[in-house]
Amino acid sequence: MNMDEVTEGVKKINFHHPYTPYNVQEEFMNAVYNILQQGDGQIGILESPTGTVALTWLRNHKRSRFESSVAEAAKEFKDEPDWIVNQMLKRKREDILKQWEEREARLKKIRAKEKLMEERGAKRRRLEDNGTRNHGKAIDDEDEWLLDEDDGAFQGDDTTSGFSKETRDLMGKLGLGTFHAKEEGEEDTSKNEVKIYYTSRTHSQLTQFISELRRPTFPSSLPDSLLNEDPSTESEGIRHIPLSSRQRLCINPSVSRLGSLPAINDRCTELQQSKTKDKCQFVPNADNLSLTHQFRDNALATLPDIEDLFELGKKLQVCPYYASRTAVPGAEIITLPYPLLLQKTARDALGIELEGNVVIIDEAHNIMDAVANVYASAISLSELRRARQMLSVYVKKFGKKLKGENRVMVAQVARVVDGLKEWLENALGLKSNQGIVDPNVLLRSRSIDQINMYKLIQYVQDSKLAYKIEGYVAQAESQAGDNGATTLRSTPVLHTLLSFLVSLNNLSSEGRIFYHKVSQDDIKLSYLLLSPTHAFSSVASSARAVILAGGTMSPFEDYTAHLFPDLPEHKITTVSCGHVIPSSNLCVWTLSSPGPKAMEFEFSFQKRSDKSMISQLGLAILNICTVVPDGVVVFFPSYGYLDEVVAAWSEASTGQPKSQALWDRLQAKKAVFRETKGGSSDEVLEQYTEAILGDENGSTTKPDSSSRRNGALLLSVVGGKMSEGINFSDRLGRCVVVVGLPYPNIHSPDWKSRIEYIESTTLERLKKTATATTTTTTTTTSPSKPKPIPNAEAVAAAKQAARDFYENACMRAVNQSIGRAIRHRNDYAAIVLIDRRFGTDRIRQKLPGWIRGGLAEGSSSSQNQGLGQMMGKLSGFFRGKKTTSAAT
């Protein structure tokens, strides 16, 4: 479905954009609105942000729902006299209006109070760590770590099964966990309202979205027939709630100090079990029910971010992790990070229901990697040795007290650890540093394949075994070292083991296990999810509509082929909008060679070490630095190649003094900075920014006052820290240079497995299609029926699908790096793509539409694509911008 089709018939809509939107933004917003309006599992893959569009649609949708509910009510009384029908409809409208007014009045009162507090400069009350509660002290009772006799009993899939009956009953009334019972007298109208779930990669990106959400003002969700021309009902605040993990929201010092998320989760649930002496006083209960409701109303009234929720919880002394869930039924938009949305177990634990709701995934260019990362796991030999040591210490202390199932299960955990450890110790002797592991062979070690892994995993989770063992060992070690307080390891090895065991239970057809030698004495096992299809299907099949949005989503093929392979074409909309900048603000050039008859630039793995080509690359960048003002950012394929290039540039040319080395000549033109693997990107970025914009006092920094430097040059890596999430706007990024195509190592075990998986699944799908087509043709004589695909063509198509996936992974990384420049309408920049392969139609078609549209005249020609022609274009481009700037 193209842009014309999705916008056709959509009337002029006021999207309540905080500023006057540009044409491309209006086209894009109309497309999103149409996708949400159609619903029925529609998928949108779009290159642009979507916030105000979705909320505008939601408000309009609510208005139409109100009207339709009144119309439905009228049908029920169609056989009654008109005066009865009118009375009933009047009463229904009054009920809707009264409910809306009561809620808005409550929230308006809170907003006014919050504003007053801000004006007075009131500071939120701090919750002191030492507090008055007695469970804030370090745990010194050794029996705290002992497994209860019924700890290993199966609890099923109930995510609240570890809580006391009182807590479970109350959570049911509050709508927490898997319970949805309604509190007597509590309104229930908002439960079935459509909601928007907005997710992004990091909390900082979500915080930025929330700050943008505070800009626009939206009209009431009430239909015009109910407004009665009352000015107070013309607008309606956005009801939003952010969700996060206990690690970010826990306000109990005895729990939050544990550091790692698994330890915090286990300790939190431990403090709520019926046999626990010192329960967490912050969890919603009968005593703080009014505070929980106050938390809910404050959250819905104030558009908070995660930090605001944390402070609100501390102020009211109620757990923000659990109390935030009480606001979900009344919220219109819910923000949450990737893992909480993409994992079904996390959604179930938070009580998130996607059925009939809208899902918006921002920064979706990396959604497939995000799904794989959520389900990935790894464990090393050193961690297994540590786990075995901890088990021994625990059994030595509590072994005689362990009874029944506890004794059996702890022994089975030790056997699993020994089996995995034995396999890895043998694997250290393998010649290859990495490879694929057969799970059947792995599990035969120490006969651990005879263990019921599902039951063992359930036991470890329900009994909190990992937390108790690590907690006791940490306490014992700290006491032995006279360190005082108990602190768990930042990466608890038994929780790591549990994650790996869960991965072992995944379908072997969807993932692979690999080994990789970390050092001479250490080796690790890792699990990689090969296909995101099954994992993502629970999201795609449930939601009313799913929007995948990002600034650089091209190429689109992978999303349709690997996220929604079985979805009909009419349910998928792909839109690639132009940029908001005018065409005169962008100059894109593909540099295939230094000159018309010179060698070609091709930075493939086989050719990129050529000394002459590296030297010509340096001269090209030196020339670019001569004509481009301020900041130039260069992206290389890898850290290793960046090191190789810098080393070559640092060598003096044959027959010339050391001072004439290319590296020195570059430093004479601009201050040069480089990203290093494992180094601090913040520090490098700060120095680069200061070299261009000057220090805090506004004076431009000149590291060498005698030099005639003009700005700075930053050497970075595609896929590195500088290539995503950092904006080189305005003077920080007047030119972005991409050197070569950063293809992944196709000979690595993980990429071999990916390629084989895509080939086999594509071939299987094509064969199924061919079988279905053959069956159809045998039952009809119609000549229009398609012929089945020959086997040779199917094999060729499967191999091409794998090649496309491999190439698309490379191009997504390139497009992300390019997207670091030009961040607003008045920004301008040049983009230089150095490699002959960028000139091929196949690669160009995988660049974003706005980049293809910015290709300078002559750049796509097979003739005269030399450095001289490019320098003429760049000089003219920046001369024109300098003239324009001077004129304004």
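**Exercise 1. Are Tyr394 and Phe398 buried or exposed, and how do their rings pair?**

Solution. This is a predicted model, in which local features need pLDDT of at least 70 and side-chain atom pairs count only at pLDDT 80 or more, while totals for chains, interfaces and linings use all residues. Residues are numbered from 1 along each chain as its sequence is written, and side-chain values use heavy atoms, with hydrogens and water left out.

Step 1. Buried means under 20% relative accessible area, exposed over 50%, and partly exposed in between (1.4 Å probe, protein chains only). Tyr394 is buried, and Phe398 is too.

Step 2. Rings of Phe, Tyr and Trp (its six-membered ring) pair if their centres lie within 6.5 Å; planes under 30 degrees apart count as stacked, over 60 as edge-to-face and the rest as tilted. The model has 19 aromatic pairs by this rule. For Tyr394 and Phe398 the centres are 4.9 Å apart and the planes stand at 45°, so this pair is tilted.

Step 3. Helices (H or I, at least four residues) and strands (E, at least two) are DSSP runs, numbered from the N terminus. Tyr394 and Phe398 are 4 residues apart in helix H17 (residues 381–398), which means that about one helical turn separates them.

**Exercise 2. Classify the pair Tyr688 and Phe728, and state which parts it ties together**.

Solution. Step 1. With ring centres 6.0 Å apart and planes at 85°, the pair Tyr688 and Phe728 is edge-to-face.

Step 1. Tyr688 belongs to helix H28 (residues 681–693), and Phe728 to the loop between strand S15 (712–717) and strand S16 (735–739), so the pair ties together parts 40 residues apart in sequence.

Step 2. Tyr688 and Phe728 are both buried. Elsewhere, ring pairs link Phe601, Phe603, Phe636, Tyr641 and Trp649 into a cluster.

**Exercise 3. Where does Gln317 lie, and what is its phi?**

Solution. Step 1. Gln317 is found in the loop between helix H12 (306–316) and H13.

Step 1. Although not a glycine, Gln317 has a positive phi of about 55°.

Step 2. Its relative accessibility is 31%, so Gln317 counts as partly exposed.

**Exercise 4. Which polar atom lies 2.5 Å from the side chain of Thr326?**

Solution. Step 1. Thr326 sits in the loop between helix H13 (320–323) and strand S4 (333–337).

Step 1. The backbone oxygen of Ala323 is 2.5 Å from a polar atom of the Thr326 side chain.

Step 2. Thr326 counts as buried because its relative accessibility is 6%.

Terms used. Polar contact = N/O pair within 3.5 Å; in protein donor to acceptor, adjacent residues only side chain to side chain.
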